[in-house]
Amino acid sequence: MRSNGMTIPLVAGATLRLLELPARADAAPSPLIRAYTAVRNASLAEETGRTDDAVTAETMLPLLYSDADVARTQWYIERGGEVIGCVPLNVYQDDDAATAMGTIALLRKHWGQGIGTAALSHVEHFARDKGLRKLLCWNEHHEQGAVGTVPSPTGFGTVPNDHTARFLQRHGFTLEQIERASTLVWDPTTRRRLQDLHADAVAHATDYRIVQWMLPTPEEFIDGYAWLKSRMSTDVPDAELGMPIETWDADRVRRHDARYAGKGETVQVTAAEHIATGELCAFNELVIDQHPTSKTDQRDTLVLSGHRGHRLGMLLKTAGLLSWREQHPDSPHVMTYNAEENRPMLSINEAIGFAPIAYEGAWKKVLR
């Protein structure tokens, strides 16, 4: 498959086309970018039943460009002059650029006609031509239309064998891991619970102090933050996904920070510093977009293995949430994702008040 803008016939009157981007990421979104974004949002809402991950075309556009860390390609599916699907493929540049994450987001009324199958075939040809060896995708699964369940090979949990699960299995994907989506809804009891949990964590972490910053990362923390970010690809439960091991340095942190700024998002990092050595040994991230009533996302959280057993995870999460609430009192809830086998982190979240709302399957296909 050639990425030169040509039209690729699929089936049922649908075509696959390369999404052409403006020369500059800060340009005004074209009508095509707006249509692509609208279909992305609609497909996500159909999959999850939620709209809090919808973005504007202005926010979406900067996310479509490649950088030194991820090579990004997007196609769109067109039928009858309308955009009906989005097909992004992100190639991780770490680990010999052999792994990509992608999806086929097709509006539900166009399911069952072979369009997704044909699009996937072209994406796989493209991936093989690029030397990729593995495709990954994450999808939320639901009971509606499910025929039984698919167990996780980790031994932790199952997902409904719904339309999406059946599609992926039919095309050679295997379920490798289940992720739990959880939310913390702010209510009158939340602050007191966080304060009590935080006080208990402080009593067990006397060798550590909390440091906190908003992106962009201050120079004094940039190397420590880079090391912590690199450990996210090695120290969190990965099942058999084989995520690429990421190499982080100060320049990559700056690119990371600039990407959030380009989306108009605010990011708070709460870290634990080992008092005796000055080492940053744990961190937690909270993120919100430019709208004060938007949900908050709890992103990466990690405690380095040599510093576990001191309740640093609880220390960081409670400290971060308490200060975040002061800054963003109108954000109604916090959302986070964890591998279902990551019991230490799930236990912290459950004690704080996070409750599960959905489950995602992490799927892998090895390209022969």
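What follows is a short chat about a predicted model.

Visitor: What should I know before I read the numbers?
Guide: The model is predicted, so to speak of local features a pLDDT of at least 70 is needed, side-chain atom pairs count only at pLDDT 80 or more, and totals for chains, interfaces and linings use all residues. Residues are numbered from 1 along each chain as its sequence is written, and side-chain values use heavy atoms, with hydrogens and water left out.

Visitor: How many helices and strands are in the chain?
Guide: Nine helices and 16 strands. Helices (H or I, at least four residues) and strands (E, at least two) are DSSP runs, numbered from the N terminus.

Visitor: What is the radius of gyration?
Guide: The chain has 21 Å, which agrees with the value near 21 Å for a compact globule with 368 residues. The radius is taken over C-alpha atoms, and the globule rule is 2.2 Å times the number of residues to the power 0.38. Along the principal axes, the C-alpha atoms fill a box of roughly 65 × 45 × 40 Å.

Visitor: And what share of the residues counts as buried?
Guide: 51% of the 368 residues. Buried means under 20% relative accessible area, exposed over 50%, and partly exposed in between (1.4 Å probe, protein chains only).

Visitor: Where do Trp213 and Tyr225 sit?
Guide: Trp213 is in strand β11 (residues 208-214) and Tyr225 is in helix α6 (residues 219-235), 12 residues apart. Trp213 and Tyr225 are both buried.

Visitor: Which other ring does Tyr225 pair with?
Guide: Phe283. The centres of the Tyr225 and Phe283 rings are 5.8 Å apart and their planes are at 80 degrees, so this pair is edge-to-face. Phe283 belongs to strand β13 (residues 280-288), 58 residues from Tyr225. Phe283 is buried at 0% relative accessible area, and Tyr225 also has 0% relative accessibility. Ring pairs link Trp213, Phe221, Tyr225 and Phe283 into a cluster.

Visitor: What sits over the ring of Trp227?
Guide: The charged end of Arg231, 4.4 Å from the ring centre. A charge counts as over a ring if NZ of Lys or CZ of Arg is within 6 Å of the ring centre and within 35 degrees of the ring normal.

Visitor: Different topic. What does β2 pair with?
Guide: Strand β1 (residues 7-9) is joined to β2 by three bridges, and the two run antiparallel. Two strands pair if DSSP finds at least two bridges between them. Thr15 in β2 is the bridge partner of Pro9. Together β1 and β2 form a hairpin with four residues between them, and Ala12 in the turn has a positive phi of about 55 degrees. Five bridges join β2 to strand β3 (residues 70-79), again antiparallel, and Ala14 has Arg79 as its bridge partner in β3.

Visitor: Is β2 mostly covered or exposed?
Guide: Strand β2 (residues 14-18) is mostly covered, with four of its five residues buried.

Visitor: Last one, Arg308. What is it in contact with?
Guide: Asp235, Leu302 and Val303, leaving aside neighbours within four places in sequence. Contact means heavy atoms within 4.5 Å. A polar atom of the Arg308 side chain lies 2.8 Å from the backbone oxygen of Val303. Arg308 is in the loop between β14 (296-303) and α8 (312-327), and is partly exposed at 44% relative accessibility.

Technical notes. Rings of Phe, Tyr and Trp (its six-membered ring) pair if their centres lie within 6.5 Å; planes under 30 degrees apart count as stacked, over 60 as edge-to-face and the rest as tilted. A polar contact is a pair of N or O atoms within 3.5 Å; within protein, one must be able to donate a hydrogen and the other to accept it, and residues adjacent in sequence count only if both atoms are side-chain atoms.
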